[in-house]
Amino acid sequence: MTLSERVAELVRAAFPGLWIVSHEHDDAVAELQELCRDRIWCLAEWDLERGLVVHGTGADSNAPEAAITDGADPMAALRALSRLAPGEGDGAALLVLRNLHRLLGSAELIQALDAALARGKRDRTTIVILAPSVALPPELERGFVVLEHALPDRDQLEGIARSIATEPGELPPEGPERDAVLDAAAGLTRLEAEGAVALSLVRHGRVRPETLWELKAQALTRSGLMRLHRGGEGFAGLGGLDALKSFCARALRPDRPAGVRPRGVLLLGVPGTGKSAFARCAPSNG
């Protein structure tokens, strides 16, 4: 399901709080704007820079945005939400708060959010917090449903590449070369994919997977959770661990029986026993 489909279900079920984990707030808001236009729901958006802005919806989807507050106080945005409530019928009002997690150390703001959530079911209003990670204070944990804004899928990544590599020959033809580019782009955000494609065009005059792999490796390194290694090592150059190498050779072989899939191996040991070396060699044996 897309983000807008999941949000639509939860809003119709009168959930008053949604926390959307996203690194691409503009794209997430664009999806919510389209949803609200289709459903004729009211959509308001707040951030520290612009204050509160109400977007045109439904029949007024082409109307200019109306600024209600021009200050940085999120309390004013929460107070304004009750004025946006649809009243009777199947309407709904969504208030999108960007990066509000940075301000959730305030007891007054937590209390205001708690009160707004309590009114939400009655008024059919939903608070949507957009943030790159989940940072809910204990007082609000039960009031929010957490959603992930999914990264672009393969078709979307191909569309991004096509929108940037517009000249003949810049994008590889369909087949193994195109697949290699899309494999390299998998896991990138929309903005990262756009930048990687553009950088490849600047460097090589065409889209090549090496540049996309390079930027993906940088993104993983920044996360501090893992590193991406792409090398030519193989089991032939790795001494010992014969039973483990034999298992992986059987599990990864392309002609293994249908329905048989590897269960995986957990390597645990003191430093210097070959865990990382084995991990670097294993992919090249598949």
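Strand E2 (residues 42–47) is mostly covered, with six of its six residues buried. Buried means under 20% relative accessible area, exposed over 50%, and partly exposed in between, using a 1.4 Å probe and protein chains only. This is a predicted model: local features need pLDDT of at least 70, side-chain atom pairs count only at pLDDT 80 or more, and totals for chains, interfaces and linings use all residues. Residues are numbered from 1 along each chain as its sequence is written, and side-chain values use heavy atoms, leaving out hydrogens and water. Helices (H or I, at least four residues) and strands (E, at least two) are DSSP runs, numbered from the N terminus.

- E2 pairs with strand E5 (residues 93–98) in the parallel sense, over five bridges. Two strands pair if DSSP finds at least two bridges between them.
- Within this pairing, alanine 44 stands opposite leucine 95 in E5.
- E2 and strand E3 (residues 51–55) run antiparallel and are joined by five bridges.
- Aspartate 47 has glycine 51 of E3 as its bridge partner.
- The hairpin from E2 to E3 passes through three residues.

**Helix H5**

- Leu157, Glu158, Ile160 and Ala161 are buried in helix H5 (residues 154–164). Seen down the helix axis, the buried residues of H5 fall within an arc of 155°, so they line one face. The arc is that of the directions from the helix axis to the C-beta atoms.
- The face turned away from the buried side of H5 carries the exposed residues Asp155 and Ser163.
- Helix H6 (176–185) and helix H7 (190–204) are included in what covers the buried residues of H5. Contact here means heavy atoms within 4.5 Å.
- At the start of H5, a side-chain oxygen of aspartate 153 comes to within 3.2 Å of the backbone nitrogen of aspartate 155.

**Salt bridges**

- The structure holds 16 salt bridges. A salt bridge is a side-chain nitrogen of Lys or Arg within 4 Å of a carboxyl oxygen of Asp or Glu.
- Arginine 190 forms a salt bridge with glutamate 24, with the closest N and O atoms 2.6 Å apart. Arginine 190 lies in helix H7 and glutamate 24 in the loop between strand E1 (17–21) and helix H2 (25–39), so the pair ties together parts 166 residues apart in sequence. Arginine 190 and glutamate 24 are both buried.
- Glutamate 158 forms a salt bridge with arginine 162, the closest N and O atoms being 3.3 Å apart. Glutamate 158 and arginine 162 are separated by about one helical turn because they are four residues apart in helix H5. Glutamate 158 counts as buried at 17% relative accessibility, whereas arginine 162 is partly exposed at 43%.
- Lysine 245 and aspartate 242 meet in a salt bridge through their side chains (3.8 Å, N to O). Both residues lie in helix H9 (residues 242–252), three residues apart, about one turn of the helix. Lysine 245 is buried, with a relative accessible area of 14%, but aspartate 242 is exposed at 57%.
- A network of salt bridges links Asp26, Glu45, Asp47, Arg50 and Arg98.

Notes: Polar contact = N/O pair within 3.5 Å; in protein donor to acceptor, adjacent residues only side chain to side chain.
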